[in-house]
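Let's walk through this structure together, from the overall layout down to single residues. Keep the sequence beside you as you read.

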Amino acid sequence: FAPRSQPGVGLQSRNDKYPMSSAPTISVSTSEPVEEGNSPWHDAWLRLRKNRLAVFGISSLVIITLACVAGPWLSPYGYEAQDLDLGAAAPSTRHWLGTDTLGRDLLVRLLSGGRVSLGVGLAATFVALTIGVVYGAVAGFIGGKRDAFMMRTVDIMYSLPFMVFVILLMVFFGRNIILLFVAIGAVEWLTMARIVRSQVMAVKKMEFIEAARSLGFGRRRIIFRHILPNILGPIIVYTTLTIPGVMLLEAFLSFLGLGVQPPMSSWGVLISDGQQKMEEFPWLLIFPGTIFSLTLFSLNFLGDGLRDALDVRSSKD
């Protein structure tokens with residue numbers, strides 16, 4: 001038998017075999033930056049900034065809106081202040097855009113009318129947006145016979161001449177600017193309802209909606225907290241395209257004498273007044289027509305840019 005080894009004799013400890021100075025170590029490099037992903041809205045904003053026409057539209061709308069809001073306050077003339085001795089005067093250093101036949105400063109009336117036209121466009125679009133989104137979302141989510149009944153109602157209303165409907169509302173209930181908002185919004189929600197319904201019918205079949213249903217969430221919560229946030233893209237795009245349509249409708253009603261009443265003005269009223277005197281005083285039509293056309297072009301450029309920016313298929317990442 002071999003003699004038993006004494007403790008510490010003939011054996012090499014682990015620390016002696018691998019001293020601390022030469023022990024293998026694993027190093028983790030933390031100097032490389034971690035790439036952070038962008039949200040879909042941030043990517044959409046980056047794509048929108050690359051669209052020059054959309055940027056031009058945004059810039060023009062901001063400038064026009066600020067001028068309409070602050071301009072009348074900064075001018076020494078009131079929108080209804082008359083100077084009958086001056087009459088219709090050509091543009092000058094005193095009146096930059098000239099005056100109308102009653103001697104009222106055209107620039108002030110143009111900016112004051114912009115408040116009304118932009119206000120009608122935004123307010124009526126908000127009414128149409130509220131009605132159309134709720135109606136379309138409910139119809140698309142519940143489906144079945146109730147969906148069919150609701151959409152046949154929309155088809156019937158589509159068959160009615162909406163311009164005649166608005167005119168009848170204005171005739172029976174009076175020429176009120178608040179009623180003008182409601183009347184125009186009440187006939188502009190039909191297309192929005194169809195768009196929202198089609199989007200809801202596509203989204204409600206996805207897995208996260210089935211998960212929400214399995215958790216016992218109610219219809220209202222699923223519609224407003226899970227479905228609508230995922231279809232904001234088409235809603236925003238169509239909203240920007242609805243505003244110019246509403247402004248054109250208001251201009252047409254004012255052109256017929258059913259819109260804004262004197263001494264208030266809107267771009268439609270100014271264009272209507274200008275076309276009656278355009279041979280003698282062309283600036284009465286040129287300036288309102290130019291600013292109105294520029295606003296409509298800017299809104300359409302913005303709508304087209306948002307449509308392309310919010311389309312995920314346009315991303316090259």
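**A tour of the fold**

Read from one end of the sequence to the other, the chain follows the pattern α-α-α-α-α-α-α-α-α-α-α-α-α. That corresponds to 13 helices and zero strands, where helices (H or I, at least four residues) and strands (E, at least two) are DSSP runs numbered from the N terminus. Please keep in mind that this is a predicted model, in which local features need pLDDT of at least 70 and side-chain atom pairs count only at pLDDT 80 or more, while totals for chains, interfaces and linings use all residues. Residues are numbered from 1 along each chain as its sequence is written, and side-chain values use heavy atoms, with hydrogens and water left out.

Now for the chain as a whole. Of its 317 residues, 38% are buried; buried means under 20% relative accessible area, exposed means over 50%, and partly exposed lies in between (1.4 Å probe, protein chains only). The chain exposes about 19,600 Å², and carbon and sulfur atoms supply 63% of that area. These areas come from the Shrake-Rupley method with a 1.4 Å probe, and for residues only the protein chains shown count as cover. Among contacts with a separation of 6 or more, 71% are between residues 24 or more positions apart, contact meaning heavy atoms within 4.5 Å.

How do two of the helices pack? Two packed helices are described by the angle between their axes and the distance between the axes. For helix 4 (residues 106-142) and helix 8 (residues 190-203), the axes come within 7 Å and cross at roughly 35 degrees. Here axes are lines fitted to C-alpha atoms, for helices over the stretch in contact, and angles run from 0 to 180 degrees between N-to-C directions. On the helix 4 side, the residues that meet helix 8 include Leu129, Val133, Tyr135 and Phe141, while Met192, Val196, Arg197 and Met201 are among those on the helix 8 side. By class, this contact has twelve nonpolar, three polar and one charged residues. Ala, Val, Leu, Ile, Met, Phe, Trp, Tyr, Cys and Pro count as nonpolar, Asp, Glu, Lys and Arg as charged, and the others, Gly among them, as polar.

Ser112 counts as buried because its relative accessibility is 11%. Setting aside residues up to four places away in sequence, Ser112 touches Pro72, Tyr79 and Ser265.

Next comes Ser266, in the loop between helix 11 and helix 12 (267-276). Its relative accessibility is 0%, so Ser266 counts as buried. With residues up to four places away again left out, Ser266 touches Gly113, Val116, Ser117, Glu250, Ser254 and Val260. Helix 11 itself (residues 232-255) has 24 residues and reaches 34 Å from its first C-alpha to its last, close to the 34 Å expected at 1.5 Å a residue. That expected span is 1.5 Å times one less than the number of residues. After helix 11 comes Gly257, with a positive phi near 90 degrees.

Finally, look at Phe56 in helix 3 (residues 52-74). Phe56 counts as partly exposed because its relative accessibility is 41%. Beyond its neighbours within four places in sequence, Phe56 is in contact with Leu294 and Phe301. The C-alpha atoms of Phe56 and Leu302 are separated by 8.3 Å, although the two are 246 residues apart along the chain.
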